[in-house]
Amino acid sequence: MPLSPDYRPTPRFALLGDEYGDAVEAARFPQSILRFRNDRAAATVGLETLTDAEWIAHFGRFEPLPGQPGPVAMRYHGHQFRTYNPDLGDGRGFLAAQLRERALAPSDNVASDNAAEGRLLDLGTKGSGTTPWSRTADGRLTLKGGVREVLAAEMLEALGVPTSRAFSLIETGEALVRGDEPSPARSAVLVRLSHSHIRFGTFQRAAYFRRADMVETLVEHSRALYHPEVAAGDVPGFLTAVVDALARLTARWVAAGFVHGVLNTDNLNVTGESFDYGPWRFLPSYEPGFTAAYFDQTGLYAFARQPEAVFWALTQLGGALKLVADAEPLTDALNGFGPAYIRHLRAAFLNRLGVRSLGEAADQRLLDSTLALLREGGEALRWEPLFFDWFAGFASSARALSGPRAALYQSKTFADFRFALFEHEPDRPERLEAAIFARAEPEEMLIDEVEAIWAAIAANDDWEPFRAKLARVDAVRRALG
């Protein structure tokens, strides 16, 4: 099998040892129908030259890639809706491979900068069969769940959120019984390309067993691979780096109007990269209490509570690190979350509005006035249109004031927003020449459209709306990049 010269296998997960994961085998599926392959992501790790047959062999039957060991189901614990669960672990997925990314220039979308040699990336699965951590579950994934994850990951990447990438989706031909959607449901196996498989819950498990040696190993492994700017042995420095990465991620979620839905400690990792998209939603309009999961009855993970939820999860990581470091410097590191979040939130909103920083005071003024206008505009304005209409600041004036929301841009609140926005210079205003800005409406990813895309697949096996949506989202990514 000829592979790209950029293919560089790096099975580093073997260095952690058997106490952190279990060798497993993938399930054998009745069918392997390729529904989605991300050749753009594959090119970053030298796998774009695979034929479809080879792709299915590696990501449907999970024959190991050259130079890779067999699959490993990782062990971890975690707080689920703030209740500790010591019976977690990779119950329907595993770490399939680790590869070096093609060498990149440092980028704002890289959580930690080891771009010179290429980041270490993981291929992990969802729906690949049972493992020792499956408990009573079947280890499978519904095809609808896989489709939804592809759509979420693609949209988040387009909007500049650090995210795992949906790498492959293969329909597997099994009929699944599920309590929260019509059964029998079609089945699939998903592969993600992500920056790390080390979760907060991985540290929590080691701390639960009072294994300081395992915590130290995890810190050094994660520091060296994902935060190499931190000195060896500097546990508070490592936590500071993780805090900053998670503050940045949370700010980017908020600017994108995204609600993850399940911010348990096993769904957050040390690189600050978003992953595991179950009951996600994008905001239709400004609504602080908007939730994504029907089972989140108290709104614990509602849109505006996501910073609080992430900070709480970080304190649990800090608690695990107390086995190997003093409490006071760890507390200092955790206390950096609030200032870091506000700093990253200003930057995230500037990025979404396509303007350059003018300094803390002016940037904060723009953040405050943007949120005020979104709040006032409500359902008439929605969330995404404001960023679309006013992208690149005053360079969009004629377009925005002659568009479908021109009447909304007459209030005192809008005047405050316009003043704050026009203080800032456009950042690469030539991006307005992209075809997406000739449209009257922005590309959104609201639940009604997601359900319609799935309905076409479920009723008629019609994948054209899915493919068309991905093409439009990719146009957004290219325009904003």
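User: What makes Arg399 count as lying over the face of Phe388?

Analyst: Arg399 lies 4.9 Å from the centre of the Phe388 ring, and a charge sits over a ring if NZ of Lys or CZ of Arg is within 6 Å of the ring centre and within 35 degrees of the ring normal. Arg352 is placed over the face of Phe387 in this way too, at 4.6 Å from the ring centre.

User: How is the model to be read, and what is its average pLDDT?

Analyst: This is a predicted model, in which local features need pLDDT of at least 70 and side-chain atom pairs count only at pLDDT 80 or more, while totals for chains, interfaces and linings use all residues. Residues are numbered from 1 along each chain as its sequence is written, and side-chain values use heavy atoms, with hydrogens and water left out. The chain averages a pLDDT of 95, and 96% of the residues score at least 70, where pLDDT is the predictor's confidence in each residue, from 0 to 100.

User: Which residues have a pLDDT that stays under 50?

Analyst: Those are residues 105-116, for which the model has 25 contacts beyond four places in sequence, a contact being heavy atoms within 4.5 Å. Where pLDDT is low, the predicted coordinates should not be read in detail.

User: Why is the pair of Trp253 and Phe258 called tilted?

Analyst: The structure holds 32 aromatic pairs, and rings of Phe, Tyr and Trp (its six-membered ring) pair if their centres lie within 6.5 Å, with planes under 30 degrees apart counted as stacked, over 60 as edge-to-face and the rest as tilted. The rings of Trp253 and Phe258 have centres 6.4 Å apart and planes at 45°, so this pair is tilted. The pair of Tyr409 and Phe414 is also tilted, because its centres are 5.1 Å apart and its planes stand at 35°. Tyr409 and Phe414 also belong to one aromatic cluster, together with Trp390, Phe394, Phe417 and Phe422.

User: How do you know whether Tyr409 is buried or exposed?

Analyst: Buried means under 20% relative accessible area, exposed over 50%, and partly exposed in between (1.4 Å probe, protein chains only). Tyr409 has a relative accessibility of 3%, so it counts as buried, and Phe414, with a relative accessible area of 2%, is buried as well. Trp253 and Phe258 are both buried.

User: What makes helix α3 largely enclosed by the rest of the structure?

Analyst: Of its 16 residues, 15 are buried, so α3 is largely enclosed by the rest of the structure. Helices (H or I, at least four residues) and strands (E, at least two) are DSSP runs, numbered from the N terminus. Helix α3 covers residues 143-158 and reaches 23 Å from its first C-alpha to its last, close to the 22 Å expected, the expected span being 1.5 Å times one less than the number of residues. Just after α3, Gly160 takes a positive phi of about 85°.

User: Which residues have a positive phi although they are not glycine?

Analyst: Arg82 is one of them, with a phi of about 70°, and it lies in the loop between β4 (78-80) and β5 (83-85). Because its relative accessibility is 29%, Arg82 counts as partly exposed. Arg210 has a positive phi of about 60° and lies in the loop between α4 (200-208) and α5 (212-226); with a relative accessible area of 62%, Arg210 is therefore exposed.

User: Why is the contact of Asp138 with Arg178 called a salt bridge?

Analyst: Their side chains meet at 2.9 Å, N to O, and a salt bridge is a side-chain nitrogen of Lys or Arg within 4 Å of a carboxyl oxygen of Asp or Glu. Asp138 lies in the loop between β7 (120-126) and β8 (141-142) and Arg178 in the loop between β9 and β10, so the pair ties together parts that are 40 residues apart in sequence. The structure holds 46 salt bridges.

User: How exposed are Arg405 and Glu441, which form another salt bridge?

Analyst: The closest N and O atoms of Arg405 and Glu441 are 2.9 Å apart. With a relative accessible area of 3%, Arg405 is buried, whereas Glu441 is partly exposed, at 31%.
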